[in-house]
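The report below goes through a model of a complex, from the fold of one chain to the contact between two others. It should be read alongside the sequence and the coordinates.

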Amino acid sequence: MKKLMMPMLSALLLTLASCGGGSSSKIVLKIGFWPEPNDTADVAMYETWAKRFMADNPQYEIQGMPYTYSTETVGQKYAVGALPDVWQTWFTEPGKLMEKNIIRSIDAQVKATGWDKAMDEAMKEELTFHGELYGIPRDGYGLGLLMNKRILGENGFLPEINGKYSIYNEDGSPAYPTSFAEIQAISEELVELDNVRGFLMYSANKNGGWVFSNMAWNYGATLEKKEGDRYKANLNDPAAVQALEWVKEMRVNGLLQEAVSSVYNDWYSHIGERVAFAVVGSDVLQNAKLLGEVSMDDLAFVPMPTGDGTHHYSLYGGTPFVFTKGVSDAKVEGILKFFSYIGRSPEKSENNLLAKKEGYEVAKRKNQPILPTIMPWKDGEFLQEAKKLEAQYINVNLPDYAPFFDAIESNKHPEEPALAQEMYAALDTAIQSVFTSLETANCSALLTTANTTLQNKLDESAR
Amino acid sequence: MKTRRIFPRLKDKRGGFLNFADYRKASNKVAYGFIVVFLLLFSFVAVFPIVFLFASSMKSVSEITGNTYTFWPQQWDFGKIGALWSRFDFGRYYLNTLVYVAGAVVCAVLFNSLLAYAVAVVKPFGYKVINVLVFLGYMVPTILNIFPLLQEIRAFGFLDPDHQSYLTFLPLWLGFGANAYYYMLFRDYFARLPKSLVEAASMDGASQLRVFTRVVLPLSRPIIGIVAIFAMTASYSDFLLPYCVLQSSNLQTVVVGIYNISNINPPLQMPDFLLLILLSVIPQIVIFLIFQRQIMNVGAGKGSKE
Amino acid sequence: MIVPLALFAFFVWVPMGRNFLLSFQNNYFDQEFVGLANFAAIFADKTFLKALGNTFLYILFSILIGYLVPVFLGFLLSEVFHFAGIFRVLLYLPCMISGIAVVFLFSTMYGDSSTDLFNAIAIAMGGESHPWKGSTSLIIPLIVLAMTWRGAGSTALIYLSSFQSVDDSMYEAARMDGASPWQRFIRITAPSLKATLITLFVLQIISVFQVFYEPLVIGPKGGPLDSSMSLLLLSYLYAFEDFEHGRSAAVAMVLVLIIALFTLAYRLLLKVLSGEKIIKRRGKR
């Protein structure tokens, strides 16, 4: 057996090695935001775009290299030199990635295209470090309150108009809850009536801290304070303590989900039957149907509730494209050009709009819910055209989602500026401690501990 | 002639801790009852999670997200197995795993036995130092030093993500050629081989390599089988190093593929993901049922060799 | 011989040496020596201290849960007279499943909502739902349980062969002397198992130092509240998530130190035990 194996193996190696080569003088662009191979419809669409692009720009060759960002895979890919030339990350990440020398500045290349002037100011600011731009925003999201209309309606919390549960009263005023106190009141009754939990509160993978920071703002808290050119942690702001007290009370009374460690991706498996409310980003709402098999007609999306009666802030961020350190200027230029072939640039060109349309067509064919999006570009010719196109394809009942999208411009609030992920981790710990110790949990002390943790990290990074 | 019964009687039990003589006593018969009950219990525990995996993977999404729990799905949709298989092109993961395992077994047997032979039989200058160093490698998990190791592999150009060929497997295969445990198994075995054989061959003027391939290896079939099966199961389950090295999805093994799929965005529906896990364990189970005798003999042999 | 030696050097010794140096440097690429700064940093990190403590918890639970089950199974298998082959196959089955599949499977079963398996069983039996893997005190035992589920069958086979290798005539002689089964077990079975018991005790402890993807997947990432974080996983996260290669290497060196201490203790134990034997033999003469 072994005698056979060796020659076979070496023959295999040789043939495979010879067909692995095939070099060309073209500039290869490795695209990390390429769809996963199992998503055949999207792959086909990207291939059409790549062909179109390469026909117009024969000096480039597009190579799909699907990569889903996560905090530990980026280091692994980086360690083995396998990061694509361009990839998607989260809005909180570019600062750290820049500091650790993993991504490069694309300031000169973007300015040459003039896109920097069309970029949403808030998003641009989050991608700018030491005066240089490090990424291109893909799209934005804001956190909002997703609610199950069916559960709420069946238990008498929403009026029934024309045989359908409505989030508005007959006179058009909102019938949905707008404060955390209202959510608590509804939850208390709901658990009696229907044995359904009120609210899904995340607590793991930094997702808990992420949503909690938004809740704390709406209680009037400021979580990081600027002192000189540094930031100081302020997680034990009395308003933040109040927000955590709310979480604790909900938990003690059995109004939150049962699980101790809940992550963001739990929302679509809970919103159908298990909970009435969850905080969700506006960019993933379609997953309710795609992954949770919940009808979009049973749901509604409204602004974040308030704690202090005035603030309805919505944590606002998005998905940026970033470029791996060491990628040549020529490649960056090529990739920027490619953005105009996939509907991701602010250019009102034929190809750019065509790609957007094709994207909607594929989503429609796949029977996906199509919702409004937050585009990362300032009002202008392209945005108007893109919005017009979007309006043609939206296939959810817009009034159920309008309260959020109509108000996002005035509600949006950027993530905390310094070490946001570290802050979320510290807050997660506080939330999990509340979940595990219940009555004995001291919210103020827990947030003070979280504050110390964050402050240490801030001091360390300033060194 | 002794006839074999399907259901033998306790009074025929000759050997062991409790034999026919003990089973004349009623209390010992009760004890035997406990032995069987415990075994039934443990067998249930061993098999139950696999049945659970099967049942859960066949559920619909609403059954998983609902408020009530049922063990079995309401409907059986076996068609989705094939659909999921082709959607992820799962056959490719299996092909890769097969190639990976084959190479790992060859390297594990070849290189470890060579070194063991050199140390145990030839005994060159400094072989004791080698023994100590290898023992160090036995105690310290290789993946503890994964970062420097990856950089080394990268320096040799193996990690270029453009490599779409099985050449990328080479560093992983060779890793199995430096396994302290296999080395020690070989070394202990060779040390017990009759010295006269080797000496006789050397007298005939054969080179060391010739002695090794013509005399020693043919005598070492049992130990080669043991190491081969160990290397087979180990390489099939091998995770961290292949996970770091196999960057191209065309080259990933089943285990690496499963882990990567658990991280894709948008995520997979839960029953579908469980079904993929089920697909990833079925071949091992089938292989095991076919080769159960060989595999379990080796498993048992492990103890007596140490 | 040169080739396999080169392989060991490439895969084991050089990375180990490099990691040793790295633990005194700022990172892999700059190679600037920073003295003991990395060690100071990790000992100031609560997560590291937690992982250090967890290492001993893992050892404790893996001995409590994982060590004796296979001995018991081996004994049962050696004594059962009916369907012995089938029992062996069933008990060995989990060993064939890859570790990654096992952790994903058990992670699902350990879920903390009332519709996850463990809670569904608890509720069906009239109990209440528990957080299971969401509980800081249960997570390590649960991880060890999953590891035991996978590993017990193969270890049981090792014990099986030890049980079977006990000479029947020794039992026979004891029976003649009228020794009760219990006395027989203490006088004959246990002593002949000693070598295997010690070896596997050490292997059990070594396997604990390899705990990596179990807390990565089930925790997840060493959670909840770092209560399942292992040193190996932390070392990995330092290197690949925080890009702190020096600290990663420092954690690795701490783990190497712990392993070295255990190895020394093991060698010492062996010496003491073999010394005992010599004394006994002399006494008999």
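Among contacts in chain A between residues at least 6 apart in sequence, where two residues are in contact if their C-beta atoms, placed from the backbone, lie within 7 Å, 75% join residues at least 24 apart. This is a predicted model, in which local features need pLDDT of at least 70 and side-chain atom pairs count only at pLDDT 80 or more, whereas totals for chains, interfaces and linings use all residues. Residues are numbered from 1 along each chain as its sequence is written, while chains are lettered from A and ligands numbered from 1 in the order in which they are written.

Chain A has 18 helices and 15 strands, these being DSSP runs (H or I of at least four residues for helices, E of at least two for strands) numbered from the N terminus. Its radius of gyration is 24 Å, close to the 23 Å that the globule rule gives for 463 residues, so chain A is as compact as a globular protein of that length; the radius is taken over C-alpha atoms, and the rule is 2.2 Å times the number of residues to the power 0.38. Along the principal axes, the C-alpha atoms of chain A fill a box of roughly 70 × 60 × 55 Å. Buried residues make up 49% of the 463 residues in chain A, where buried stands for 20 or more other C-beta atoms within 10 Å of the residue's own, exposed for 12 or fewer, and partly exposed for values in between, with C-beta atoms placed from the backbone.

Two residues of chain A illustrate these classes. A:Ile151, in helix H7 (residues 149–154) of chain A, counts as buried because it has 24 C-beta neighbours inside 10 Å. Not counting residues up to four places away in sequence, A:Ile151 touches A:Asp194, A:Val196 and A:Ala276; the C-alpha atoms of A:Ile151 and A:Ala276, 125 residues apart along the chain, are separated by 6.5 Å. A:Asp379, by contrast, lies in the loop between helix H14 (350–365) and helix H15 (381–393) of chain A, and is exposed, with 11 other C-beta atoms within 10 Å.

Chains A and B are each divided into two domains, with bounds from an automatic or database domain assignment.

| Chain | Domain 1 | Domain 2 | Distance between C-alpha centres |
|---|---|---|---|
| Chain A | 2–140 + 318–393 | 141–316 + 407–462 | 32 Å |
| Chain B | 2–57 | 82–303 | 36 Å |

The contact between the domains takes 12 residues from domain 1 of chain A and 16 residues from domain 2 of chain A. Helix H6 (121–126) and strand S6 (135–148) of chain A are the elements that give two or more residues to the domain 1 side. In chain B, the corresponding contact takes 4 residues from domain 1 and 5 residues from domain 2.

Between chains, 73 residues of chain B are in contact with 76 residues of chain C. The largest share of the chain B side, 12 residues, comes from helix H1 (residues 26–57) of chain B. That side divides into 46 nonpolar, 22 polar and 5 charged residues, where Ala, Val, Leu, Ile, Met, Phe, Trp, Tyr, Cys and Pro count as nonpolar, Asp, Glu, Lys and Arg as charged, and the others, Gly among them, as polar.

The predictor gives the complex an ipTM of 0.87 and a pTM of 0.87. The mean pLDDT (the predictor's confidence in each residue, from 0 to 100) of chain C is 87, and 96% of its residues reach 70 or more. Where pLDDT is low, the predicted coordinates should not be read in detail.
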